[in-house]
Amino acid sequence: LILKFTIMKKLLISMTATFFILTLLPFFTCGQNTAMDVSRSIMLSGDSETEEIIILVDQKTILLKLNIQSAINKGKLSIEIVDPTGEKQGKFSIGSQIKTTKNNKENQKEEHVKGNINKIINEPIQGKWIIKLIPDKAEGAVNIQSTQSYKDN
């Protein structure tokens, strides 16, 4: 009986200590993170005008994630990621290789080309990051998702 009481007492003390640690732990947590997501969809309608999408990064940003997806069915498209110093941090190009024909239904040809880039930058340079869209008579769409993680004080 005394052995049972000693084991129960130790178990009760352990459970109480665990409860207090789990209850008080959130108050002692240092540095939480916050993430901000922005999504953009851009439709390309056959022009060849370069467009620049600007992503502002401040000094609190600890992580920048870029996911750029593109799909075209005509023309060519190049996409560049440029940091605030002007240095390219990524580039890819896609283009239609088959001549599209829509004369009649029997001889119709159409090509759909997709491409994407995923870029993760730890401790990104503060300033304007630029995503350049360089179409050459491109028809299609580009989706850009940017996520910035911040260290909360």
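The side chains of Glu-80 and Lys-88 meet in a salt bridge, with N and O 3.2 Å apart; a salt bridge here is a side-chain nitrogen of Lys or Arg within 4 Å of a carboxyl oxygen of Asp or Glu. Keep in mind that this is a predicted model, where local features need pLDDT of at least 70, side-chain atom pairs count only at pLDDT 80 or more, and totals for chains, interfaces and linings use all residues. Residues are numbered from 1 along each chain as its sequence is written, and side-chain values use heavy atoms, with hydrogens and water left out.

**The overall layout**

- Starting at the N terminus, the elements follow the order α-β-β-β-β-β-β.
- Of the 153 residues in the protein, 29% are buried; buried means under 20% relative accessible area, exposed means over 50%, and partly exposed is in between (1.4 Å probe, protein chains only).
- Take the contacts (heavy atoms within 4.5 Å) between residues at least 6 apart in sequence: 79% of them join residues at least 24 apart.

**The salt bridges**

- By the rule above, the count is two salt bridges.
- Together, Glu-80, Lys-88 and Lys-91 are linked in a network of salt bridges.
- Glu-80 counts as buried because its relative accessibility is 7%.
- Lys-88 counts as partly exposed because its value is 46%, and Lys-91 is also partly exposed, at 48%.

**The nonpolar core**

- A nonpolar core is a set of buried Ala, Val, Leu, Ile, Met, Phe, Trp, Tyr and Cys residues joined through side-chain atoms within 4.5 Å.
- The largest one has 23 residues, and Ile-68, Leu-77, Ile-79, Ile-131 and Val-142 touch the most other members.
- At least two residues of this core come from each of strand 1 (33-45), strand 2 (51-57), strand 3 (61-82), strand 4 (88-95), strand 5 (113-122) and strand 6.
- Strand 3 gives the largest share of this core, seven residues.
- Leaving aside neighbours within four places in sequence, Leu-77 is in contact with residues including Leu-44, Phe-92, Ile-134 and Val-142.
- In soluble globular proteins, nonpolar side chains tend to be buried together.

**Around Gln-148**

- You will find Gln-148 in strand 6 (residues 127-151), and Gln-148 is buried because its relative accessibility is 3%.
- The side chain of Gln-148 makes a polar contact of 3.3 Å with that of Tyr-150; a polar contact is a pair of N or O atoms within 3.5 Å, and within protein one must be able to donate a hydrogen and the other to accept it, while residues adjacent in sequence count only if both atoms are side-chain atoms.
- The side chains of Thr-61 and Gln-148 also make a polar contact, at 3.1 Å.
- Thr-61 lies in strand 3 and is buried, with a relative accessible area of 5%.
- Leu-64, also found in strand 3, is buried at 0% relative accessibility.
- Leu-64 and Ile-120 are 56 residues apart in sequence, yet their C-alpha atoms are 5.8 Å apart in space.

Definitions and conventions
Helices (H or I, at least four residues) and strands (E, at least two) are DSSP runs, numbered from the N terminus.
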